[in-house]
Amino acid sequence: MSTRVQHALEQLKTTGVRITPQRHAILNYLMESMGHPTADEIYRALEPQFPSMSVATVYNNLKMFTNAGMVRELAYGDNASRFDANVTDHYHIICEACGTIRDFNYPSLSDVEERAGLDTGFQVNGLRLELYGVCESCRPS
């Protein structure tokens, strides 16, 4: 088990959250894969280990992790939300062919947020930058 997972479990314990085997497995799956899975993908991956676990259990745990600031929910309109265990400032590039989402780092765009707030009068609470293209696997050779 990685130190990230151990730290997250300790954080949950200090807030009085009981660490069930299913909760531990969901958190571990998210943090070890560092992908951007849907709740259904998590359920399908863990169902062989936990045949009595329901999709609702996965959703409830993801909501709790999101509320605790351990996971970000990435909503994409009508499509199923994806979940990101990397809560540091970063951006995403999304394959238009297969839907793969990859993280990439770029310097902070805080100046854009500040300017947007000044120009519009909004209190800017965050920024989500997504680039779209076709990944190497989907691009014709």
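Reader: Is aspartate 103 buried, partly exposed or exposed, and what is its relative accessible area?

Author: In this predicted model, aspartate 103 has a relative accessible area of 29%. Buried means under 20% and exposed means over 50%, with partly exposed in between, so aspartate 103 counts as partly exposed.

Reader: Where does aspartate 103 lie?

Author: Aspartate 103 lies in strand 4.

Reader: Which residues does aspartate 103 touch?

Author: Leaving aside residues up to four places away in sequence, aspartate 103 touches His36, Asp84, Asn86, His90, Tyr91 and His92. As for asparagine 86, its C-alpha atom is 8.8 Å from that of aspartate 103, and the two residues are 17 apart in sequence.

Reader: Which residue is the bridge partner of histidine 92 in strand 4?

Author: The partner of histidine 92 is aspartate 103. Another bridge links isoleucine 93 with arginine 102 of strand 4.

Reader: How many bridges join strand 3 to strand 4, and do the strands run parallel or antiparallel?

Author: Four bridges join them, and the two strands run antiparallel. Strand 3 consists of residues 91–95. In general, the strands of a sheet pair through backbone hydrogen bonds, and the pairing may be parallel or antiparallel.

Reader: What do strand 3 and strand 4 form, and how many residues are between them?

Author: They form a hairpin, with five residues between the strands. Glycine 99 sits in the turn and has a positive phi of about 85 degrees.

Reader: What about the sheet itself: in what order do its strands come?

Author: The order is 4-3-5, in an open sheet of three strands with mixed pairing. From one strand to the next, the twist averages 25 degrees.

Reader: What does histidine 90 touch?

Author: Not counting residues up to four places away in sequence, histidine 90 touches Arg72, Asp84, Asp103, Phe104 and Asn105. The C-alpha atoms of histidine 90 and serine 108 are 8.3 Å apart, with 18 residues separating the two along the chain.

Reader: Now the helices. At what angle do helix 1 and helix 2 pack?

Author: The angle is about 140 degrees, and the axes are 10 Å apart. Helix 1 spans residues 3–14, and helix 2 spans residues 21–33. Angles over 145 degrees count as roughly antiparallel and those from 65 to 115 as roughly perpendicular, so helix 1 and helix 2 are described as oblique to each other. Helix 1 passes helix 2 in a right-handed crossing.

Reader: Which residues make the contact?

Author: Helix 1 contributes Arg4, Val5, Ala8, Leu9 and Leu12, while helix 2 contributes His24, Leu27, Asn28, Met31 and Glu32. By class, this contact of helix 1 with helix 2 has six nonpolar, two polar and two charged residues.

Reader: And at what angle do helix 2 and helix 3 cross?

Author: The axes of helix 2 and helix 3 cross at roughly 115 degrees and come within 11 Å, helix 3 being residues 39–46. Helix 2 and helix 3 are therefore roughly perpendicular to each other. The crossing of these two helices is right-handed. In this contact, Ala25, Ile26, Tyr29 and Leu30 of helix 2 meet Glu41, Ile42, Ala45 and Leu46 of helix 3. The contact of helix 2 with helix 3 has seven nonpolar residues, no polar and one charged.

Reader: Where is valine 17 found, and what does it touch?

Author: Valine 17 is in the loop between helix 1 and helix 2. Not counting residues up to four places away in sequence, valine 17 touches Leu12, Arg23 and Met64.

Reader: Finally, how many helices and strands does the protein chain have?

Author: The protein chain has five helices and five strands, which follow the pattern α-α-α-α-β-β-β-β-α-β along the sequence. Of its 141 residues, 33% are buried.

Methods
Residues numbered from 1 in each chain as written. Predicted model: local features only at pLDDT ≥ 70, side-chain atom pairs only at ≥ 80, totals over all residues. Heavy atoms only, no water. Pairing = 2+ DSSP bridges. Axes fitted to C-alpha atoms, helices over the stretch in contact; angles between N-to-C directions. Parallel < 35°, antiparallel > 145°, perpendicular 65-115°, else oblique. Left-handed = near helix turned anticlockwise from the far one by under 90°. Contact = heavy atoms within 4.5 Å. Nonpolar A, V, L, I, M, F, W, Y, C, P; charged D, E, K, R; others polar. Buried < 20%, exposed > 50% of the residue type's maximum accessible area, 1.4 Å probe, protein only.
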